[in-house]
Protein chains: 2
Amino acid sequence: MPRVLSDTDVADFRERLCEAAERLFAERGPDAVTMRQLAAELGVSPMTPYRYFEDKDDILAAVRTNGFNRFAEALETARESAAGARAIGTAVGEAYITFALEHPHSYKLMFDFNQPHVEQYPDLVAAGQRAQKTMTGYIEDAFAEGLMSGDPMQIGLMNWAAIHGAVILELSGMLPPGGARMIYRGLDDALIRGLRPQD
Amino acid sequence: MPRVLSDTDVADFRERLCEAAERLFAERGPDAVTMRQLAAELGVSPMTPYRYFEDKDDILAAVRTNGFNRFAEALETARESAAGARAIGTAVGEAYITFALEHPHSYKLMFDFNQPHVEQYPDLVAAGQRAQKTMTGYIEDAFAEGLMSGDPMQIGLMNWAAIHGAVILELSGMLPPGGARMIYRGLDDALIRGLRPQD
DNA sequence: CTGTGTAAATTTACGTGGTAAATTTATTAC
DNA sequence: GTAATAAATTTACCACGTAAATTTACACAG
């Protein structure tokens, strides 16, 4: 009987390969990274990764999944670190932009809307939904405190659109460095004012 | 002495190839389109396009440049068709969303922030700046009428980020059809209120 | 300890894509 | 008509993703 890979063996290899892929994808973009390079990075032969991943797309999906999960963690941490709807809103927004600008490559990969057949990677979909839920969920706190009026879902999406739009403008080079944060702060202020109940 | 291609010959070929590329890119995404297919589409041999374009990236850059220019034209037309800052704002915003939803593939290509080495295509950069200028310029009209207070440039970018974010939410399938327009109208209303001078 | 079966890993091989280099075609000035 | 030469085509090469064939090395039986 031959040696059989334990679950942790598999998990270890997958993790090491994801780390390498993340680094190389960030340096050169996913298309410019070859399976042969990835294998060489781990000191194995070119076909070995195929024991652990379906194909290259599967590796990309795993990297994006990790990105979404780390992103969601950063947002959740920010949300827990603050008290009061307004402070939470600020903290989450700042954490969002910080993550996006500190990990631009991950962020770009995660939100690359040209990535095809996302739906066939359930883990990726789940991680994306986790991030989305964290992003919109805290808005409900603001309603609980009577800070805003309207449809919470719609306002959550408005807020999300505003942050994402600001970040993407910066990442596609249409804003000076740091511009996204400035733009978002302006949007946030104006929205808070514009959405006050009494108007 | 041999036949020499006139400027219009070259321009014609480039234009026909861009048309084909745009169509095929939209159908299958740029990575899935090969140089050989593009050449076949024009009825020429695989290497002929290389007389007219540097390489495949150059073709993609040309397609994106065309997209930005048509986009800018659509916005400029909308701007000219309306009178009064508020009406212009509405017209441009609606035209923006209409363009993005009617040409989702162009829009995705144009704003695909994973596209590398943009800076080495001056025409592409110029077309992007033209779109940006149109997008932010009309905000100045609103200031001229005393509709808003603050930094026009910043507010123009805020508005752009809001529209872009809403569009992208819809294009990545996170909104029902028509959702972008709804989200943007909500954002626009709230911003107009939140940015009123007297506050 | 040794032989054996088998999962894992490697090596080999194939089809496709971008594009460089070599070759052919076609046009025009003489 | 013929020579010169830009344009177009053909041929060829290398890199890539990955399928298939082959080799390796470990767990167990005896």
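A residue counts as near a strand here if its C-beta atom, placed from the backbone, lies within 6 Å of it. With that in hand, let's walk through this predicted model, starting at the DNA.

By that cut-off, 21 residues sit around DNA strand C, and A:P2, A:S45, A:M47, B:R3 and B:T34 come nearest. Sorted by class, the surface near DNA strand C is made of twelve nonpolar, three polar and six charged residues.

Now for how the two protein chains relate. Turn chain B by 176 degrees, shift it 0.3 Å along the axis, and it can be laid on chain A with an RMSD of 0.4 Å. That is the relation of a two-fold axis.

What about the contact between them? Chain B puts in 32 residues and chain A 31 residues. On the side of chain B that touches chain A, the elements giving two or more residues are α6 (122–137), α8 (152–171) and α9 (179–194) of chain B. Of these, α8(B) gives the most, with twelve residues. By class, that side of chain B has 18 nonpolar, ten polar and four charged residues. Since 84% of the interface residues of chain B are also interface residues in chain A, the copies meet through the same surface.

Finally, look inside chain A. The axes of helix α1 (residues 7–28) and helix α3 (residues 56–81) of chain A come within 10 Å and cross at roughly 85 degrees. Angles of 65 to 115 degrees count as roughly perpendicular, so α1(A) and α3(A) are roughly perpendicular to each other.

Key: Residues numbered from 1 in each chain as written. Chains lettered and ligands numbered in written order. Predicted model: local features only at pLDDT ≥ 70, side-chain atom pairs only at ≥ 80, totals over all residues. Nonpolar A, V, L, I, M, F, W, Y, C, P; charged D, E, K, R; others polar. Least-squares fit on C-alpha atoms with pLDDT ≥ 70 in both. Contact = placed C-beta atoms within 7 Å. Helix = DSSP H or I, 4+ residues; strand = E, 2+ residues; numbered from the N terminus. Axes fitted to C-alpha atoms, helices over the stretch in contact; angles between N-to-C directions. Parallel < 35°, antiparallel > 145°, perpendicular 65-115°, else oblique.
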